[in-house]
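Student: I'd like to learn how to read a model like this one. Can we go through it feature by feature?

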Amino acid sequence: MTSAMTSAMAGAVPVLEVEELAVTFTRRGEASTRAVDGVSFAVAPGETIGLVGESGCGKSVTSLAVMGLLPRRGVEVSGSVRLDGEELLGASDRTLRKLRGADMAMVFQDPLSSLNPTVTIGTQVTEVLYEHRHMAKKDAVAEATDLLDRVGIPDPARRLGEYPHQLSGGMRQRALIAMALACSPRLLIADEPTTALDVTIQAQILELLRELVLGSGTALVMITHDLGVVAGLCDRVHVMYAGKIIETADRHDLFARPRQPYTGGLLASVPRLDAGRGTPLTPIRGSARDAIPWAEGCAFAPRCDNAEDDCLTEVSGSTVPLEYDGPGRELRCRHPLQYPPAAAGATASGVPR
Amino acid sequence: MTASLGDRRRERIDALAARAGALPEGDGGVSLVKSAFRRLRRNPVFLIGAVIVVVFLLVALFAPWLAPRDPYAQSLLSEVRQGSIPGSREGYPLGVDQLGRDLFSRLIYGSRQSLLIGVVSTVLGAVAGMMLGVLAGAFGGLVDTLVMRFVDIILSVPGLLMAISISVLLGQNQVSLMIAIAVTQIPLFARLLRGSMLVQRDRDYAVAAQALGVRRRNVVLGHVLPNSLSPVIVQATLSLATAIIEAAALSFLGLGDPDISRPEWGAMLASAQSVLSVRAELAIYPALCIIVVALGFTLVGESLREALDPKFRR
Amino acid sequence: MLRFIVRRLLQLIPILLGLSILLFAWLRALPGGPAVAALGERATPAKIAEYNRVFGLDEPLWTQYLRFLGRALRLDFGTSQTTGRAVTDEFFTRFPGTVELTVFAMVFAIGIGIPLGYLAARKHGSWIDSTSVIGSLLGVTIPVFFLAYLFRLLFAVQLGWLPGSGRQDVRMEATHVTNFYVLDGLLTREWDAAWDALQHLILPGIALGTIPLAIIVRITRASVLDVVNEDYVRTAQAKGLANDTVRRRHILRNALLPVSTTIGLQTGLLLSGAVLTETVFAFGGVGSTLREAISTRDYALLQGFILILAVVYVLVNLLVDVSYGLLDPRVRVK
């Protein structure tokens, strides 16, 4: 049951399949830390999935591991990452370089620091075109202008000659997206693409990403801690905690009936308009630093309101398993949130245990 | 047998808290200076530098007791000939110089002069530079412009030329040598302190203190200045090395101590050049002393910088 | 860009004015005053009085200063007491040698320093790294003139591989057009003269280049270490660019910004003060001339040289600022 969710893929061959991905950091003189611990998911063409969790839960490391961008020294990666069926872990530098930017691309969190300050936007866009599409200079410039236009940058021809600091935050992120899309990648990973932006700009960028994915059949992996982003964009959501996926569900299911107490807590931490004025927010206690190793039980148990004795004991040498939890849902929890059948949302397709 | 879940959970969190508390962190209630020193104590670079500096300071302090002979006595002059200078022998561990004086004793006494020149000129330069820097940093506006223009003027003359001009002006003696080196250090300290004060002045805590009605003078003296000092301290340590090397250079140019019989590494090095092909050791030993001391101060300075600079804090 | 340069040039005016006041005061404060400075220390009282009258030294200070400034602007610093030549002429026959030496030293320092610093950073923690860190620490602590003497003793005196003094073999009888001896040799097609002049540059050039070398290695290393961890380098890698493109366009271009400043500052320093090295190698450039002027108390020459060198230094620094603006678009716009 630990393999990817075949039910969700309904016929489509996944673009990206990640299986049992584990990333361990070892530093000289320190105990090694397992940042990603047996993560599996898959993305189909045109599908958007969300990797959600607090900072430090391993979502960014997962994305870097998929792209092969983790430093080689002091990092150990195991499991399997397949792009269109081709295994990426252990692939040569050359192979990865050919895939990166062409078949899989990435958009980063901070658009200012992610752009080279001393090189023009034009060069930073065209260098991808030269590298992967071997374009002539004239064609590359024309294509770059077109790309900037497509991501909604006004007066693109002039922008090509400008430097990152001359653009606004939103424009920079658009430029980064243009670079990522230059070769129409099959897979796009967006690592908190809106976190560093103003709220109004956030919405624009998300809308842009949605249009681009819908239009091209690109598979999109959205990494975020922001449930609003998830609600607006993702088809399926994987909630991560302490390096593991703890709950997987379709967007509607997840919002209507979160099962993992952690997911429930995340949702309860967001202020709701319909909650009535007197209702207090219910934050999750503690911080992600209070996690315990999965080998000793459920990492979330120290912060969990539902936790009971057996949450802190490992069962027959394995950690709390990720199990089938109704159609399209998986759950890693021994004492999940329960819902009376009548209260189930309109979209409910599974019946709580 | 089984403890209740609540207890076990509390236990876990306590253990976690203990683990987190064991990490050396600035925000864990440990003061910055304390945590800086904790880092320094474990830094081998700092330890090596500190040992070098301390050893040489002790040597300078106890020179009369450590030196086996009188550094001025030309006891083996009769054996110095054209093309031959006696080397190491009983009672003269490193041999004698071209005037028949015990080299080892001269090196030991030389540490006094070299360290004295280094320390005095650095302190002079640092104090003068810091006064200018505080003036500029605290008042800003016109005062700032005037002070910084003045500093720019000093800075527009390359250091060695500046030192030469001042030495020539003040005459050939030790005090003018120290002043000359001190003046070349002024711009650095002034700019450093001003720059770091400007950064600190805009920090939230300073703005907050001012917003709470603390008088400006007290904000500057009580909050801004103390927090701006660490780059200055680092620079002072590094400047000690520069000052010692520069003093040697000025001695070499004939602008040092007019009393050439007084042992001083720079002067010894300079005067040994004429007999370099006869006995290179006469130049090599004082040079080594200069290099090692300068290295010691540099190592201490660099590791201080690393410990105090937030950029290096991980 | 032009406005930036003009503004920086305007900022120079107060600095140079201040400098001229300083040097004017310096000359007045010298033991004996400007008359002694001009006539030498053995001048008779009658001659000094005569000089003071002729040059208006009995007039108010500010008229004197204005006159001094006027002469300085015409590059007239009087005549050297030791050679009897105009100080300005003396400077411009000496300066080309210093320039050649500086260029050689900086080419040496840059050519080795940048690759070494880059390598040390990329192999962070390896033996190459620690060796270059230790080496660069030693480089700044070794007294230059000591190193120069060692080189001369070893390679010129004992091994005889390279010439150890002067700018050219005196038996060379080379034609001199520009006083840049290497250049002269090339211009007049006297290849052996150019080669000989170049050989004379090697030992002093390397000795002079050690400090810039040490500093360049350090700055390059630190800067590359910083830049490698920047987000935009990761972006470049995520784009699947060739390693070479990432290295040149995204790492080096940014990492070399602070290095370029250092190179500029060091060049300015070498141009103005190779006093020590030039003295050891009796090189006959500006530096060794200054050294002679110190020992002969040739004040007119000292004053003139120091003022001109300070102007050169300030201009080189301006050039550094401007080129930094060219390299870093963020500065250019401000």
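Student: How many residues does helix H6 of chain B have, and how far does it reach from its first C-alpha to its last?

Tutor: Some ground rules come before that. This is a predicted model, where local features need pLDDT of at least 70, side-chain atom pairs count only at pLDDT 80 or more, and totals for chains, interfaces and linings use all residues. Residues are numbered from 1 along each chain as its sequence is written, while chains are lettered from A and ligands numbered from 1 in the order in which they are written. Helices (H or I, at least four residues) and strands (E, at least two) are DSSP runs, numbered from the N terminus. The expected span of a helix is 1.5 Å times one less than its number of residues. H6(B), residues 141-155, has 15 residues and reaches 21 Å, close to the 21 Å expected.

Student: Which residues of H6(B) are buried?

Tutor: Buried means 20 or more other C-beta atoms within 10 Å of the residue's own; 12 or fewer is exposed, anything in between is partly exposed, and C-beta atoms are placed from the backbone. In H6(B) they are Val147(B), Val151(B), Ile153(B), Ile154(B) and Leu155(B). Their cover includes helices H5 (103-139), H7 (159-170) and H8 (174-201) of chain B, together with helix H1 (2-29) of chain C.

Student: How many residues does each chain bring to the contact between B and C?

Tutor: Two residues are in contact if their C-beta atoms, placed from the backbone, lie within 7 Å. Chain B gives 32 residues and chain C gives 32 residues. On the chain B side, H12(B) gives the most, with seven residues.

Student: What is the strand order in the open sheet of chain A?

Tutor: Strands of a sheet pair through backbone hydrogen bonds, either parallel or antiparallel. Two strands count as paired if DSSP finds at least two bridges between them. Here four strands run in the order S2-S1-S4-S5 (chain A), with antiparallel pairing. S2 (33-43) and S5 (86-87) of chain A are at the edges with a single partner strand each, so one side of each has no neighbour in the sheet. Eight bridges join S1(A), residues 16-25, to S2(A), and Glu17(A) has Ala42(A) as its bridge partner there.

Student: Where does pLDDT stay under 50 in chain A?

Tutor: pLDDT is the predictor's confidence in each residue, from 0 to 100. Chain A averages 82, and 88% of the residues score at least 70. Over residues 1-10 of chain A, pLDDT is below 50, and it stays under 50 over residues 342-353 of chain A as well. Where pLDDT is low, the predicted coordinates should not be read in detail.
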